[in-house]
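User: Hi, I'm new to this one. Could you walk me through it with a few questions and answers?

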Amino acid sequence: MSGQTPWQTTGPFLHFGLPWNGAADLTGDSDLGARPDLIAPGHDYAVLRAKTGRDRTLGQRIELVGRVWDNKGAPIIDSLIEIWQANAAGRYAHPEDARSDIALDPAFIGFGRCASDKDGAFRFRTIRPGRVPGPGNTLQAPHIALGIMGPGFLKRLATRIYFSDARENAEDPILGLVPEQRRATLIAAKELGTNNVYRFDIHLGGALETVFFDI
Amino acid sequence: MADPVPYSRDDAAAQPPTKFADFKASVVRAPSHALIRAPHTLTEITGPSGDDIWENLVGPAVADLTRQHNGEALGERIIVSGRVLDENGRPVPNTMIEILQANAGGRYVHEYDQHDSPRDPNFTGAGRVVTDADGRYRFITIKPGAYPWYNARNAWRPSHIHYSLLGAGFAQRLITQMYFPGDPLFPLDAIANAVPEAARQRLVAQFDLATTEPFWALSYRFDFVLRGRGATPMEQ
């Protein structure tokens, strides 16, 4: 008995259990995340979250917004999107990131979750991550790992969010694995008229199909 | 710094494809390009960690789904327990297992579920537990009912419980479903059948007399196996 347990789809009804209050705000500043409007009255115990009294997260606050599209171009409602990232200084709050010269931020965990809405839209609030090491002696460009699941997805699809205004993208070892003409699908661009909102649309098909990684 | 020890990869002999024609919703929700193989960097091997991490992130555990309301939930009370291990047989402690399911009549509390079966005001169907140092978990719930769905004419989902597992790293994620032994709907289920046949029975819990509570509840055992670290037989 040691073979991997197979993946199965999340199914369509994840709202009442998986997103929690604050799930989509990694800074801890708000309750962005759960969708109480989709939960029958009296059944919201599981989306309440403990008051943690977290300190203020360090770093430049950003928003990540986007929409999710199926391979026929229709918006995907009810998908579950998870992100994982380093703190503003570029360190993961995990024992295997043992670079003690880079400070941890006790107020920042780095994990978030958001469900797409009736328009296929999602929104995270977080901070811009710092750089972390890559394979060999390389340094990765600032990035956020993203997984998408949901009804119709038999297993998670994994991708990464990079930032259009990061010059370090040119030397990123993972972006370098992606054919040049598809790299733009991994790069979040700043929304016009804002200075901290980045758009990352996820397309499962068509000319703009997002690159997904086998990790 | 030295490159981290990678996790193993999806075992093609165990994992479903992204697209499975009999599961109609998967056809439009799969990418057309092949996935691009990427190495495991610090990003992939790390994840939320620390003694109280899950309570800090999502709140306290909910290990008894039958007693979250004023009255008791309707249906057959059951105990589900087991372990979370990796492919090398090592326990995976501090794994958050999130639980989602329909009620005894096969209906979810979600507003979109219009199945013609009663809601139970005393049963929500959501819980979460965290594994101990030996990778063990246990929770109490109601055996969920089967329900019809739109995948094909007269298609019914077998009784099942949804699980979401957050292990030690981003690459160790698992979302799956547990089925019950002897269910005549299991061999007909398009979602279970997306899994290669040799691994399909891993999704079926075992009835476990040893962990039943006499005069109170029957019990099922279900172990999860997450990806392991380093070279495993799967990779060679």
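User: How many bridges join strand 2 of chain B to strand 12 of chain B?

Analyst: Quick background: this is a predicted model, where local features need pLDDT of at least 70, side-chain atom pairs count only at pLDDT 80 or more, and totals for chains, interfaces and linings use all residues. Residues are numbered from 1 along each chain as its sequence is written, while chains are lettered from A and ligands numbered from 1 in the order in which they are written. Strands here are DSSP runs (E, at least two residues), numbered from the N terminus, and two of them pair if DSSP finds at least two bridges between them. Strand 12 covers residues 224–226 and runs parallel to strand 2, and the number of bridges is three.

User: Which residue is the bridge partner of B:Val84 in strand 12 of chain B?

Analyst: B:Val84 has its partner in strand 12 of chain B, the strand that runs parallel to strand 2. That partner is B:Phe224.

User: In which sense do strand 2 and strand 5 of chain B pair, parallel or antiparallel?

Analyst: Strand 2 spans residues 77–86 and strand 5 spans residues 136–142, with seven bridges between them. One spot to look at is B:Arg83, opposite B:Arg136. The sense is antiparallel.

User: Which residue stands opposite A:Phe213 in strand 1 of chain B?

Analyst: Here strand 10 of chain A (residues 213–214) pairs with strand 1 of chain B (residues 36–37), in the parallel sense over two bridges. Opposite A:Phe213 you'll find B:Ile36.

Notes:
Helix = DSSP H or I, 4+ residues; strand = E, 2+ residues; numbered from the N terminus.
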